[in-house]
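This report looks at packing, aromatic pairing and strand pairing in a single structure. The sequence and the model are shown first, and the discussion follows.

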Amino acid sequence: MAMFSYSDHPLNRSFGLPFGYDRTLDILIAPGQRGILIFWSEKNLLVSRNSGQLVESVRVREGQRILYNSIVKANITIHSVAANENELAVLTRENNLYYGSLGIQSSSLIKVAFDFQKCLLNIQALLVDPQLQAGICKVIVSNPHSLGLQAVIYEDGYTYNSNTKHRLNISLKQQHHWGRANPNFTSSIKRPTISTITLDIANKEISCVDLKPLTALISVGCDLEKKIVIQNELSACYQGVLDPVALQDNYSYVIERGAYDPNFQGQQAKEDLKVYYPYEKLGCPLLAYYDIPWKPVVELWREGKFQEVVEAEYVLLEVNGLFTYTYSLTAGMAGCSAQPQNWTTITEMAGDTASFSWDRENYVSCHDPDYHEPLRWPDVPYQILGGPTENKIVFDQRNGIYIFFISIVDPSYSYCHLETTFSVYVYGAFPLSIFPPEVTIFLLTVATLLFVWLAYMVPQLLHNEQGLEVNGFWVRLYQRCRKSCAHLWGRG
């Protein structure tokens with residue numbers, strides 16, 4: 001016995017139903033179909049229409065009568081198997097041809113007795129033989145896990161031969177959003193899926209094999225024409241803070257070693273970092289004042305046209321490791337019911353695969369009721385922007401260029417990995433004081449008090465005997481200097 005196991009939700013919750021086999025099976029994937037698998041060996045032929053969840057034997061028929069429920073019982077030896085979207089052909093080592101259909105409900109074969117060495121065979125002419133008794137064709141629709149389906153069929157007039165015409169309206173919606181299926185049944189919203197919707201005839205006789213099923217490939221995934229753009233209406237070049245000519249001329253700047261960490265852990269580096277600004281990629285930086293909380297305006301574009309301002313959740317990371325910024329909200333202020341993710345936990349989870357690996361597939365919202373990570377540290381910075389909070393970036397007292405990587409992490413917004421890189425120039429910060437603020441305030445206070453004391457005491461001293469002697473000393477010194485300077489000017 002054998003059964004299939006799966007790695008993706010929802011099929012990873014259980015195995016496929018077991019099926020019997022006695023030797024190694026070859027697998028044939030029907031072209032143009034999704035999930036239809038054909039398994040065969042010399043003595044067996046099996047079909048699955050749902051990626052191995054259910055595997056059943058192909059029957060051998062003669063007209064309406066079933067001769068054998070499986071190839072094993074037919075006592076034939078298979079030489080080769082061929083299939084297309086709806087037809088199946090088997091050539092045996094006994095020089096016999098079996099021909100049939102891959103129906104939605106069941107698959108069957110009929111034996112075609114013919115000598116291939118004498119003349120060609122017209123399969124269609126053989127199949128429409130009246131003895132096969134083709135019945136009235138009915139309509140049935142199938143759909144896989146990721147899509148919800150609603151179908152309505154109604155009469156829509158008559159043909160010239162007075163036969164009733166029917167119209168079938170099919171509505172498709174992602175199961176996750178429809179709300180009709182159990183979450184354990186639906187595909188994960190974080191993973192794109194591909195499905196085939198097939199319109200065929202239920203219990204279709206082989207005589208209807210020339211009526212091919214209508215199929216459509218439905219991709220629930222990323223629209224590759226989408227991208228995000230950071231709004232840059234008032235750039236540093238537009239305001240005259242930076243010179244675009246200088247930025248294009250191999251412009252570079254230095255990040256001091258105490259302001260960045262090449263390992264993105266918030267630890268000071270051992271040496272300064274020289275960065276060459278990639279103007280061709282980033283253009284002129286945005287402009288942000290250091291003392292005002294800030295966040296970028298993210299726009300969604302498709303096929304070169306603006307679509308909307310993105311309100312979904314996203315994250316930022318400075319690509320050179322600058323850590324001279326924080327966030328305006330903490331986990332507690334953001335209303336988190338669980339401990340939120342951050343760049344440190346994501347990097348540890350990703351290992352050495354990538355530093356910028358926070359995306360829609362591994363993001364879990366701290367507001368998700370199904371996320372049960374306890375909120376142990378409510379005072380840590382909340383590193384997610386957008387979404388239901390008003391979180392913003394708060395820069396330290398430092399002027400300079402920041403190059404940010406941005407990633408949309410909200411899994412409900414798009415199946416695309418919407419990411420980009422942009423730059424910001426932060427201005428308005430005065431140089432940091434050499435002395436601590438407490439020392440500076442103390443010295444200013446002492447100097448002020450000393451000035452007030454001197455302003456009071458100097459006039460008092462000038463009216464007593466000692467004050468008159470001091471005053472006379474300065475008058476005599478002034479007169480001597482005046483005579484010396486006059487003598488020097490006369491010689492000149």
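## A stacked pair of rings

Both Tyr402 and Phe404 are buried in this model, which is a predicted one. Their ring centres lie 6.1 Å apart and their planes meet at 10°, so the two rings form a stacked pair, since planes under 30 degrees apart count as stacked.

## The nonpolar cores

The largest nonpolar core has 60 residues, and those with the most contacts inside it are Trp294, Phe395, Phe404 and Phe422. Strand β25, which spans residues 400-408, supplies the largest share of this core, with 7 residues. Apart from this core lies another, of 18 residues, which includes Ile36, Val81, Tyr98 and Leu102.

Phe395 illustrates the packing in more detail: once its neighbours within four places in sequence are left aside, Phe395 is in contact with Ala288, Tyr290, Trp294, Thr324, Tyr325, Tyr402, Phe404 and Val426.

Which residues of helix α6 are buried? In this helix, formed by residues 343-350, they are Trp343, Ile346, Thr347 and Ala350. They lie on the same side of α6 because they cover an arc of only 100° around the axis. Glu348 and Met349, on the other side of α6, are exposed.

At the N-terminal end, α6 is capped by Asn342, a side-chain oxygen of which lies 3.0 Å from the backbone nitrogen of Thr344.

## Strand β5 between two partners

Strand β5 (residues 59-62) runs parallel to strand β10 (residues 107-112), to which 3 bridges join it, and pairs with strand β6 (residues 65-68) in the antiparallel sense, again over 3 bridges. Arg61 takes part in both pairings: Ile110 stands opposite Arg61 in β10, while in β6 the bridge partner of Arg61 is Ile66.

Notes. Residues numbered from 1 in each chain as written. Predicted model: local features only at pLDDT ≥ 70, side-chain atom pairs only at ≥ 80, totals over all residues. Heavy atoms only, no water. Pairing = 2+ DSSP bridges. Helix = DSSP H or I, 4+ residues; strand = E, 2+ residues; numbered from the N terminus. Core = buried A, V, L, I, M, F, W, Y, C linked by side-chain atoms within 4.5 Å. Buried < 20%, exposed > 50% of the residue type's maximum accessible area, 1.4 Å probe, protein only. Contact = heavy atoms within 4.5 Å. Arc of directions from axis to C-beta. Polar contact = N/O pair within 3.5 Å; in protein donor to acceptor, adjacent residues only side chain to side chain. Phe/Tyr/Trp six-rings, centres within 6.5 Å; stacked < 30°, edge-to-face > 60°.
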